[in-house]
Amino acid sequence: MDKKTVIPVFPQINVPKISEKGLPELIQDVQKRLNIQLTSYKQDYIKRRLLSRMNSTRSKDFVEYHQYLKTHPEEEEKLRNALTINVTKFHRDPDVFNLVGKEIFNTILHEKKTIKIWSAGCSSGEEPYTYAILLHELSKPGIILNGVITATDIDEEILKKAKAGVYDKNALENLSENQITRHFDKTPDGKFSVKPHIKNMVRFQSHDLMKGVPVARMFDVVSCRNVTIYFNEQQKKDLVKLVHDSLGKEGYYIMGMSEYMSKDVESLFKPYKPLLKIFKKI
Ligand SMILES: C[S@@+](CC[C@H](N)C(=O)[O-])C[C@H]1O[C@@H](n2cnc3c(N)ncnc32)[C@H](O)[C@@H]1O
């Protein structure tokens, strides 16, 4: 990946000291322009993302960047990407997760006593925990669930949040009340903490998808969704090959709904549910 693009968008860097003049007005305007709610984000997170765009547009402070945003319509999309780089939620795209739970996991567990899933680019953990919840709901005596999901991300800060497994109510909006009660504990400050039976199913580790397959291979399912917005064409192709290498025979590859497989590499997979961007290894 092009370093110039990556460095500013990942949040390991500390927020540099800069005057906050104009910041509240900028945030308010950004919410209106992009029609996104930023109130549930940490202030530092928003500042880091804005700073990355300020760097790229050579704006020296929030006031100058606000002016740039107003006068350069193409900046809105770039800012949206910068702000939503870690965005995720439980049961994101319900049609995909319903199919995975009802059909794919069932098929695999019909043949084997366990399953191996890799959630690559897992962000704050909602995706791998969703798989864990779906699997737990299918579990029968004799099925092994401990540590069956490997969840990786390049962003060490976001992995801390994933490991903690504590979420605001709005992250759970696609889960049923029943699922929330069974799989989360309410914390004294009104948040929701993933219960140990779900946590124990997921192993988080730091991993850069540009650097090859992580420790294990022979996964039954690789879910690598909404990760490639900053990847160039070659990097997207390399990623498809890497997913292919990491899967076992007839393994499933789940992409993001707006992601696509380039013609050069599509012969590595056959469509399974192409409209939901689910493929099977050939
Ligand atoms: C938008 S989130 C997607 C989260 C989840 N997969 C989903 O679809 O809801 C994208 C995640 O990909 C991670 N990511 C981006 N480039 C990566 C790379 N080279 N290696 C590993 N993770 C990466 C980011 O840190 C971010 O957490």
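Visitor: What percentage of the 282 residues in the protein chain is buried?

Guide: In this predicted model, buried residues account for 32% of the 282 residues in the protein chain. Lys277 is one case: Lys277 is buried, because 20 other C-beta atoms lie within 10 Å, and 20 or more is the cut-off.

Visitor: What does the radius of gyration say about the protein chain?

Guide: A compact globule of 282 residues would have a radius of gyration near 19 Å, and the protein chain has 20 Å, which agrees. Along its principal axes, the C-alpha trace of the protein chain spans about 60 × 50 × 30 Å.

Visitor: Among contacts between residues at least 6 apart in sequence, what share joins residues at least 24 apart?

Guide: In the protein chain, that share is 75%. An example of separation along the chain is given by Ile27 and Lys47: they are 20 residues apart, and their C-alpha atoms are separated by 9.5 Å.

Visitor: Where is Ile27 placed, and what does Ile27 touch?

Guide: Ile27 belongs to helix α2, residues 23–34. Leaving aside residues up to four places away in sequence, Ile27 touches Leu38 and Ile46.

Visitor: How many helices and strands does the protein chain have?

Guide: The secondary structure comes to 11 helices and 10 strands.

Visitor: In which sense do β1 and β2 pair?

Guide: Strand β1 (residues 117–120) and strand β2 (residues 149–153) are paired in the parallel sense over four bridges. Within this pair, Trp118 stands opposite Thr150 in β2.

Visitor: Which sense of pairing does β10 show with β8 and with β9?

Guide: The pairing of strand β8 (residues 247–255) with strand β10 (residues 278–281) is antiparallel, over three bridges. Tyr252 has Lys280 in β10 as its bridge partner. Strand β9 (residues 269–273) also pairs with β10 in the antiparallel sense, over four bridges. Pro271 stands opposite Phe279 in β10, while the bridge partner of Lys273 in β10 is Ile278.

Visitor: How many residues lie between β9 and β10 in their hairpin?

Guide: There are four residues between β9 and β10 in this hairpin. Lys277 is found in the loop between these two strands.

Visitor: What is to be noted about the phi of Lys277?

Guide: Most residues other than glycine have a negative phi. Lys277, however, has a phi near 60°, a positive value in a residue other than glycine. Glu250, which is not a glycine, likewise has a positive phi of about 60°. Glu250 is found in strand β8 and is partly exposed, with 13 other C-beta atoms within 10 Å.

Visitor: In what order do the strands of the three-stranded sheet stand?

Guide: The order of this open sheet is β3-β5-β4, and the pairing is antiparallel. At its edges stand β3 (166–167) and β4 (184–186); each has a single partner strand, so one side of each is left without a neighbour in the sheet. The partner of β4 is strand β5 (residues 192–194), in the antiparallel sense and over three bridges. In this pair, Lys186 stands opposite Phe192 in β5.

Visitor: How many residues surround the ligand, and to which classes do they belong?

Guide: The ligand is surrounded by 20 residues, of which the closest are Thr88, Gly121, Ser123, Ile154 and Leu209. By class, the shell around the ligand has eight nonpolar, six polar and six charged residues.

Definitions and conventions
Residues numbered from 1 in each chain as written. Predicted model: local features only at pLDDT ≥ 70, side-chain atom pairs only at ≥ 80, totals over all residues. Near = placed C-beta within 6 Å. Nonpolar A, V, L, I, M, F, W, Y, C, P; charged D, E, K, R; others polar. Rg over C-alpha atoms; globule rule 2.2 N^0.38 Å. Buried ≥ 20, exposed ≤ 12 C-beta atoms within 10 Å, placed from the backbone. Contact = placed C-beta atoms within 7 Å. Pairing = 2+ DSSP bridges.
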